[in-house]
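User: Can you walk me through the charged side-chain pairs in this model?

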Amino acid sequence: MNLLSVENISKSFGDKVLFENISFGINFNEKVALIAKNGAGKSTLISILKGKEISDTGRIAFRKDISIAFLDQEPVFDESKTVMDVLLNADNRLTKAIKNYEELLETSQHDHSNTVLEKLDLAMQEMNELNAWDYENKVKEILFKLSVTHLEQQISTLSGGQKKRVALAEVLINEPNLLVMDEPTNHLDVQMIEWLEDYLYSREISLLLVTHDRYFLDEVCDSIIEIDNHQLYTYKGNFSYYLEKKAERIQAESSEIDKARNTYRKELEWMRRMPKARGTKAKSRITSFYEVEEKAKQKRQEQKIEMQVKMSRLGGKILELIKISKAYGEKKLIEQFTYTFKGGEKIGIVGKNGSGKSTLLNIIMGLEPYDSGKMQTGETVVFGYYSQQGIQLKEDKRIIEVIKDIGEFIPLANGTKLGASQLLTRFNFPPDVQYSYVSRLSGGERRRLYLLTVLMKNPNFLILDEPTNDLDILTLQTLEDFLVEFSGCVLIVSHDRYFMDKLSDHVFAFEGNGEIKDFPGNYSEYRIWKDEQKTTEVQTEKESAKKTNEISTPKSTANTTVKDNAEKKRLSFKEQRELELLEQDIAQLENKKTELEQKMLTLTDHTELQQLSEQLGKTIEAIDGKSSRWLELQELAD
């Protein structure tokens with residue numbers, strides 16, 4: 001079943017061509033990734049699908065009986081609304097059914113006519129059909145996983161990352177048939193990303209996804225479409241398959257261009273002789289000549305960004321942190337952290353959002369004070385700080401002026417120098433673009449320009465806070481290659497697991513309550529270790545409980561047989577009593593859950609709803625915990 005059909009659409013802005021006559025479709029439960037260089041038209045294509053932009057040619061058709069949702073790269077809300085307003089205004093059948101039921105319930109309080117009661121009865125039937133009574137529980141799960149709290153908070157007070165998570169929660173709650181997402185992993189920590197992977201993969205939902213996160217792409221998507229050199233190419237497979245087939249395509253295209261150039265040289269001689277015969281055969285040959293000429297003059301634009309800038313010499317003493325502590329009120333972010341940096345090491349920083357990762361970077365850069373401890377920086381250290389917020393560029397400034405404000409040239413590692421224009425060209429800003437205004441740059445192009453301004457200062461200690469946001473995959477691969485060869489220190493905060501795994505020698509893991517663990521390995525190795533730690537803790541608890549039960553169970557005789565020992569899997573008196581009490585507790589909690597749900601349906605005050613919602617969440621957690629223990633004991637009893 002085809003949900004989206006795109007046929008022969010083209011888009012240009014003046015003399016800048018984004019794509020020409022591209023076509024593709026998305027079927028039911030198909031999950032498609034869209035890949036392209038920064039500025040090639042990814043976001044413009046999504047704007048065309050949304051109806052905010054109009055294509056120059058072609059047509060777009062959505063299946064009529066489906067729901068569609070879009071997640072923008074930078075979501076825009078009504079700033080006067082609260083988080084609750086945004087989420088409860090989700091436009092789907094569920095929310096409409098709930099609103100209809102609540103309105104009729106309120107009306108029935110003062111209007112007892114048969115008409116109103118019949119409508120209320122029909123509304124309750126619809127609620128049952130849609131299983132809408134559990135809707136709030138599902139909403140609560142999504143909000144919890146995305147760390148969307150304080151539902152009464154006004155949108156205007158939220159950070160960019162918080163707005164992105166609210167927007168993500170909104171589209172997931174809607175449960176659309178087709179979901180179009182532009183960089184959904186930006187502003188999410190790794191735990192959220194992994195949850196989102198599982199959520200999207202396990203749902204029967206069609207997906208068009210723009211992302212630079214290669215692990216996320218591999219886990220979620222089953223096909224890839226790429227805009228390259230104004231054309232669209234389709235690959236039915238994961239990211240590794242895409243890389244392999246793209247390399248084959250480029251090689252085949254290069255061979256065709258070489259062949260066309262050889263033919264062109266021969267045909268050019270014939271054309272120069274100005275053949276007088278203008279018969280059918282001659283005219284056909286002339287037409288073929290111009291076709292070959294066009295092919296022969298094609299150029300592959302797969303240029304790698306050159307980033308071998310000269311690094312300032314790094315002395316023996318680099319940076320030492322001695323018992324650094326930082327807290328905001330009662331919330332500890334960093335507690336007694338000590339570390340001495342060594343030349344050439346590359347450290348990844350991981351942890352949940354708000355755990356203190358960016359705070360540590362700001363402390364090192366002197367942008368935030370620390371509460372206690374000591375920090376010593378070597379005299380030869382030159383920091384290059386790539387912050388998550390980026391730099392504020394004047395929209396009416398030309399690209400080349402941004403670079404010239406820092407310097408007219410930059411020294412390279414081989415001893416030569418590059419002028420501002422040459423440097424921009426190497427960073428995929430060709431001469432015809434350099435005098436364009438900053439306002440014309442895409443989000444990814446702005447980030448690439450910002451990266452260039454950081455490297456122009458010849459740093460020997462790079463601090464990178466979410467450097468992968470909005471960068472295309474080609475730029476990421478080149479940045480990775482540069483950082484692998486970079487002989488200075490590198491400190492990286494990133495939610496891009498592929499990027500972190502490739503670069504980090506070891507990891508600073510922010511584990512909460514101010515604790516920072518120095519783990520000797522990359523992020524994936526750290527996650528494996530954490531999982532093993534949890535497994536070990538569970539096994540230890542089980543063994544401890546088993547020993548406790550053995551001690552509390554009296555032995556009948558000293559001559560217990562092996563068979564008797566094998567049969568001693570029955571519940572002890574203590575466990576039997578625990579099982580009985582659990583059954584009573586679960587029943588009471590289920591009654592409390594029902595009461596809370598019914599009470600919430602009659603309330604309109606958001607504050608009371610929030611309080612009851614929190615009580616309901618705790619009740620459900622208690623039910624889950626006790627039910628899990630009940631099942632464990634029941635299996636032993638059986």
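Analyst: Here are some questions and answers on the salt bridges of this predicted model.

User: How many salt bridges are there?

Analyst: Side chains of opposite charge can pair when their charged atoms come close. Here a pair counts when a Lys or Arg side-chain nitrogen is within 4 Å of a carboxyl oxygen of Asp or Glu. By that rule, the count is 23.

User: E197 pairs with R497, so how many residues apart in sequence are the parts tied together?

Analyst: The two side chains of E197 and R497 form a salt bridge, with N to O at 2.4 Å. E197 sits in helix α7 (residues 190–202) and R497 in helix α17 (residues 497–503), so the parts this pair ties together are apart in sequence by 300 residues.

User: And are E197 and R497 buried or exposed?

Analyst: The cut-off for buried is under 20% relative accessible area. E197 and R497 both come out as buried.

User: R214 has a salt bridge too; which residue is its partner?

Analyst: R214 is in helix α8 (residues 214–220), and its partner is 282 residues away, in the loop between β18 (489–493) and α17. Both residues of the pair are buried. The closest N and O atoms are 3.8 Å apart, and the partner is D496.

User: What about D405 and K397: which one counts as exposed?

Analyst: Their side chains meet in a salt bridge at 2.3 Å, N to O. K397 has 25% relative accessibility, so K397 counts as partly exposed. At 52%, the one that counts as exposed is D405.

User: Which residues are linked with E197 in a network of salt bridges?

Analyst: E197 already pairs with R497. The network links E197 with E194, D213, R497 and R527.

Definitions and conventions
Residues are numbered from 1 along each chain as its sequence is written. This is a predicted model: local features need pLDDT of at least 70, side-chain atom pairs count only at pLDDT 80 or more; totals for chains, interfaces and linings use all residues. Side-chain values use heavy atoms; hydrogens and water are left out. Helices (H or I, at least four residues) and strands (E, at least two) are DSSP runs, numbered from the N terminus. Buried means under 20% relative accessible area, exposed over 50%, partly exposed in between (1.4 Å probe, protein chains only).
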